[in-house]
Amino acid sequence: MFQLPTVQFTQEQEQFRLDVRTFLQDELAKGTFTPKCDSWLSGDDPEFSKLIGQKGWIGLTWPKQYGGQERSTIDRYILTEEFLAVGAPVAAHWFADRQTGPLLLRYGTEEQREYFLPKIVKGECYFGIGLSEPNSGSDLASVSTRAEKVEGGWIVNGQKIWTSNAHLCHYMVTLVRTSPFDGKSKHAGLSQLIVDLHAEGITIVPIKFLTGEHHYNEVFFDNVFVPDSMVVGEIGNGWAQGLAELAFERSGPERILSTFPLIDELIQELKRQNNLEGLQQASKIVARLWGLRNLSIGVAQLLESGNGDDVSIPAALVKALGTKFEQSIPEITRLIIQTYPTLDAHRKIDRFMAESILHAPGFTIRGGTSEVLYGVVAKGVVAQ
Amino acid sequence: MSEMKDMIVDVVERMLKEKVDKELVDTVEQGHWAPELWELLKENGMTDVAITEKNGGAGGDIEDLLNIVRLTGKYAAPIPFTETTFANYLLEFTNLQVIEDLATYMLCPNQAFSLENGKLTGEAIQIPWARHTKHLVTLANSTEGTHLVEIDLSQAEIKLGSNLAGEPRDTVIFQHAKVSQVSPVLSSDDVHAITTLHSAFQLALMTGAIDKINDLTVQYTKEREQFGRPIHRFQLVQQHIVQLAGETAIALAAFNNVTEALQMNNQNSEVAYARIRFEEVIQAVTTISHQVHAAIGTTHEHSLHQFTRRLWSWRDEGTSTSYWTNLVATQLLENSGDSLWEYLTSFSSNSPLLKVEG
Ligand SMILES: Cc1cc2nc3c(=O)[nH]c(=O)nc-3n(C[C@H](O)[C@H](O)[C@H](O)COP(=O)(O)OP(=O)(O)OC[C@H]3O[C@@H](n4cnc5c(N)ncnc54)[C@H](O)[C@@H]3O)c2cc1C
């Protein structure tokens, strides 16, 4: 069985955590944001993103020459935990910070880095994830959106779906087929393009989430021109590049903490009631949370030390276990305390319950379903 | 058991299938309802099932009525059917006059209104459909004890609210409002009987929604293809299908046993066990169905959430599961001499539901 490294924070890191926390508490007191569950994906607030950018807290680990701070992956982990714990609206810049930046640092051209990274760091440039299509969900390699070579670039036709926040994003990293589908090696011939979402030929159609909120979208491409300079990495290498992104995507604290504001409020409520028996029940949630956190931060430490190749299996495991945990929180909470969940409830715990219940189904679906992850983990464990 | 049951179920299912679609259900969340659907059911006598014929009822019995309620749950019918029919059932149960118009009820003992000289005062929250109904059948406390009263809702101040599924759950406030009918003082057994019946109506609605979710999910596994095959061919999806089938079968069987036991006035602990078990059923069924549907099931456009959100709402409304776990726990304590097996198989461990003495 693989063993993950442990992490002890330095004094500076402990201080950094406190600084971030103090800042968020101050902003909360000022009314800058309203805490909510699932805020990293469904809490978008460009003004807040810009504020975070001003603090230097986007692209924290990136080289200084692109506006980053050259801080460690663990520092970023701490920062992210603080955002999630308080339920801050970080969704607008989330994908650019988590995925696009690291992708460009690893595979992008110098020109791309110089152009995009400083904008992302300021909290002014948002990226969407253009993977899924109507007929290609779990079977992602079957995507049929295609790009054809023309003078100076590529012409894209097709459709993406479920694109979170595409209506707020400026660009989308889009997985396209650059050579015809070959049944035998379907991972070949895929490429990643940066598509300007305001380009001619793009149509973005909202899809309402089950709460009625506008969260994700369909994105249609009708002869959209993408210049050669917007190809990420190598043509035909899109699948491998995408897999590398997944380690960042799958193992972060957001796979554990989407419903943390609810856990916190549960504990507060039980404390107000002086309910020792309830707190004993809740301590089991806390212990489960900590067990998962040990795994998740261990993966972050592996990423930090550059052992990226060993990461994909534990990262998939963290996502499979972590999302199941965060999904279970409202179900456990209602066994400990009586609630009446509604989205406009006066009582905080009722509102957090409603947000958690309604968003929970997505936790074990987005970013690759649990069933697909089980396959990855099982194969990886058996192969060891 | 009424011989009409199969026929009634058949007729109502056909009507609901034809008239209730996703768009119609959406209208509830937009603040409307479906009066035409109500009229259709009324014309066909379905709103008078289980009211005795001497009171102008259409015949049929509680089992028939609960099966119609189950179907309104299965189609998420946007009408106060449960509310009106159960209000009338309670009126008959307490020997009061049944009413013609739309009605709703309030049966939570700890928000009972106060009753003084035939006037009602107080505030109650989460009253289903209050804004669209004319009468309220409610528990009320006088100096003598607890009564069931019927009152005209036009005298109430109503504040709009809704549950997680967008169904009307309003706050109702009375200030010295005149009641239309008052029952004799109810014994605690009467109140328990009313609670039992109420839980049975809720189980009926839930069973319908669970059944529908199972249908939708199985259907989807045949339609959706990934990796070149329908997803029901994947073993992990098969595991979901089996768990879902198991929970749905448990729910249907529990519901059928509840209705038959009520029908024979020998309900034993069926309602208690069913209501306790439905907690797990609802958790499993909502989680599994969404997991199998994946992204499409999280959209507003898909109808799955109209049923999952109802289950997430209904389980926290009316009598909570803890009422039933307490009851079972108390009975087990009181039956300290008996073995569990004797307790489970005894006939008289729970009092039958007798009508309130007139
Ligand atoms: C809230 C939310 C936000 C999202 N945001 C984005 C985004 O920004 N960009 C983007 O590209 N996508 C996004 N997605 C889409 C997400 O990546 C897909 O939903 C996911 O990959 C699953 O695809 P699908 O929904 O088509 O389900 P399907 O692949 O059709 O799966 C249906 C069911 O079958 C199961 N299944 C499929 N294949 C197998 C197998 N081989 N073995 C066992 N079981 C299997 C699945 O696990 C699932 O239970 C988002 C989804 C959600 C819910």
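**Exercise 1.** Work out how far apart Glu269(A) and Arg272(A) are along helix α8 of chain A, and describe their salt bridge.

*Solution.* Start with the helix, a DSSP run of H or I with at least four residues, numbered from the N terminus. Glu269(A) and Arg272(A) sit three residues apart in helix α8 (residues 260-272) of chain A, so about one helical turn separates them.

Next, look at the charged groups. A salt bridge needs a side-chain nitrogen of Lys or Arg within 4 Å of a carboxyl oxygen of Asp or Glu. Here the closest N and O atoms are 2.9 Å apart.

Now check accessibility, using a 1.4 Å probe and protein chains only: buried is under 20% relative accessible area, exposed is over 50%, and partly exposed lies in between. Glu269(A), with 10%, is buried, while Arg272(A), with 57%, is exposed.

A note on the model: it is predicted, so local features need pLDDT of at least 70 and side-chain atom pairs pLDDT 80 or more, whereas totals for chains, interfaces and linings use all residues. Residues count from 1 along each chain as its sequence is written, chains are lettered from A and ligands numbered from 1 in the order written, and side-chain values use heavy atoms, without hydrogens and water.

**Exercise 2.** Decide whether Arg71(A) is buried, partly exposed or exposed, and find its salt-bridge partner.

*Solution.* Arg71(A) has 30% relative accessibility, so this residue counts as partly exposed. Its partner is Asp75(A), with the closest N and O atoms 2.8 Å apart. Asp75(A) is buried, at 8%.

**Exercise 3.** Find how many salt bridges the structure holds over all chains.

*Solution.* Over all chains, there are 40.

Methods:
Helix = DSSP H or I, 4+ residues; strand = E, 2+ residues; numbered from the N terminus.
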